[in-house]
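My entries follow in the order I made them.

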Amino acid sequence: MDENRIETADCVVIGGGPAGLMLGLLLARAGVDTIVLEKHADFLRDFRGDTIHPSTQEALADIGLLDEFLALPHTDMPRVSLRYGDRDMVLADFTKLPTTRKAITFMPQWDFLDLLAGAGSREPTFRLLRRTRGKEPIVEDGRVVGVRADGPDGPLDVRARLVVAADGRDSAIRAAADMVPRRLASAMDVLWFRVPKERSDTHPFVLAGDGTIITIDRGDFFQVAHVIPAGSWSADADGVAAMRARISRLSLSLGERIGALAADDVKLLTVRLERLRRWHTDGLLVIGDAAHAMSPAGGVGVNLAIQDAIAAANMLAPILRERRPTERDLARVQRRRALPAAFIQRVQRVLQEPLLAPARSSRIPLPLRALQRVPFLRHVTGRIIGVGIRPERVRFRVSQE
Ligand SMILES: Cc1cc2nc3c(=O)[nH]c(=O)nc-3n(C[C@H](O)[C@H](O)[C@H](O)COP(=O)(O)OP(=O)(O)OC[C@H]3O[C@@H](n4cnc5c(N)ncnc54)[C@H](O)[C@@H]3O)c2cc1C
């Protein structure tokens, strides 16, 4: 019988998304021998969220990557504005945040992940194994001591002091460890599609009412997100015709451009709001979407995943250099990060109503009315979205070339 190839490290992270790559990079910079497993060969996948918030940019400044980040093609949004019926309003204002950068930055997620992976590759203690799928934790004497994986050269066992599952909302490692997240009610789904455009064309960022539309300018196309009631999408010609009619009511110009759109061009994101009760077992920690799948409302998922990674690195790097973390060490990470995730999920549930409500200019939903009447509140929403509660800073000194 063939023996599995074996690698060893201080820490093995499954998933090269925002959480996994940031954690891998920070641990490696702190001198922790780290392997990140990513099942894909590259980061060029479907649209997965392009927003890099001020809190994440602050972390990039902490680790000396902000200039490299800003040298990549990006656009900045200092305020999130919204058109509701015929009224324009500001949802969130980032201009007074106590951060280096006072805007949300839009950048394709693959560019951001390439930046983190590139920075990792400059560290001698960082290894990113692409095309390597983590399958299940290796358990010995009731403790997780590594992960079983499949790579381009066949089966592979990675043995480590700590296994971190950062493999997203459908986490295979979490499932194999019998960790089942609690599902919270979500009233919405999101349809994603591309709309061709001329480079100079513009469109309001958020159009609300009768199914909100969010339009992200990607140069030669708009990436459009259309919020609909959960379970209401029918992936056929009738569904597309109904969607086109709704979109035309909200934006004639967008409606005209999607005449040729077919059901296959539209991707359905079934929004899930989930949370694990316990993010750890002996030798295994779960972070990012795998611990708390977020709704796209507010575009906070990437940034919460990054914050989890920073907290985990701050708390665990000094331990991992010397020994295996105890369950108490892992519980401290959950204690620090569970509240911000739960709080944002609560805000996302409140946001569902205005995102789904039909546009009636005489009856603007209460949260939007409050934002219109009390301008100060826009800075509060800016703070909640842009920085969140309990923002993390990279605590240990990082090596820099
Ligand atoms: C359509 C869409 C739009 C979104 N829009 C936004 C937005 O605008 N702003 C925002 O902040 N958030 C957005 N989000 C949410 C955001 O993408 C996630 O919250 C965030 O990416 C979570 O990061 P993560 O690292 O925890 O997980 P993920 O980004 O899901 O990364 C997991 C990684 O693990 C890899 N992987 C999975 N299983 C395995 C395995 N078994 N072995 C090895 N590798 C594995 C995957 O390939 C992936 O690279 C959006 C999500 C979707 C789906």
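Entry 1, overall form. I took the radius of gyration over C-alpha atoms, and the globule rule as 2.2 Å times the number of residues to the power 0.38. The model is a predicted one. For 401 residues a compact globule would have a radius of gyration near 21 Å, and the protein chain has 22 Å, so the two agree. I also looked up the span of the C-alpha trace along its principal axes, which is about 65 × 50 × 40 Å.

I found 11 helices and 20 strands in the protein chain. Of its 401 residues, 46% are buried. I then looked at contacts with a separation of 6 or more, and 74% of these join residues 24 or more positions apart.

The domain assignment gave me domain 1 (5-184 + 272-386) and domain 2 (188-270). Their centres, taken over C-alpha atoms, are separated by 26 Å. Where they meet, 20 residues of domain 1 are in contact with 21 residues of domain 2. On the side of domain 1 that touches domain 2, I noted β5 (79-84) and α9 (327-356) as the elements that give two or more residues. With five residues, β5 gives the most to that side. I sorted the residues of this side of domain 1 into 12 nonpolar, four polar and four charged.

Which residues touch the most other members of the largest nonpolar core? I found Val12, Leu23, Leu26 and Ala309, in a core of 113 residues. The element that gives the most to this core is α8, with 12 residues. Domain 1 and domain 2 both give residues to this core, so it lies between them. I followed up Leu26, leaving aside its neighbours within four places in sequence, and found contacts with Ala309, Ile310, Ala313, Ala317 and Val394.

I looked up the shell around the ligand and found 35 residues, the closest being Gly17, Gly49, Gly168, Gly288 and Gly301. At least two residues of the shell come from each of α1 (18-29), β9 (133-140) and α8 (301-320). Which element supplies the largest share of the shell? I found that to be α8, with four residues. By type, the shell holds 15 nonpolar, 13 polar and seven charged residues.

Key
Residues are numbered from 1 along each chain as its sequence is written. This is a predicted model: local features need pLDDT of at least 70, side-chain atom pairs count only at pLDDT 80 or more; totals for chains, interfaces and linings use all residues. A residue is near a molecule or strand if its C-beta atom, placed from the backbone, lies within 6 Å of it. Ala, Val, Leu, Ile, Met, Phe, Trp, Tyr, Cys and Pro count as nonpolar, Asp, Glu, Lys and Arg as charged, and the others, Gly among them, as polar. Domain bounds come from an automatic or database domain assignment. Two residues are in contact if their C-beta atoms, placed from the backbone, lie within 7 Å. A nonpolar core is a set of buried Ala, Val, Leu, Ile, Met, Phe, Trp, Tyr and Cys residues joined through C-beta atoms within 7 Å. A residue is buried if 20 or more other C-beta atoms lie within 10 Å of its own, exposed if 12 or fewer, and partly exposed in between; C-beta atoms are placed from the backbone.
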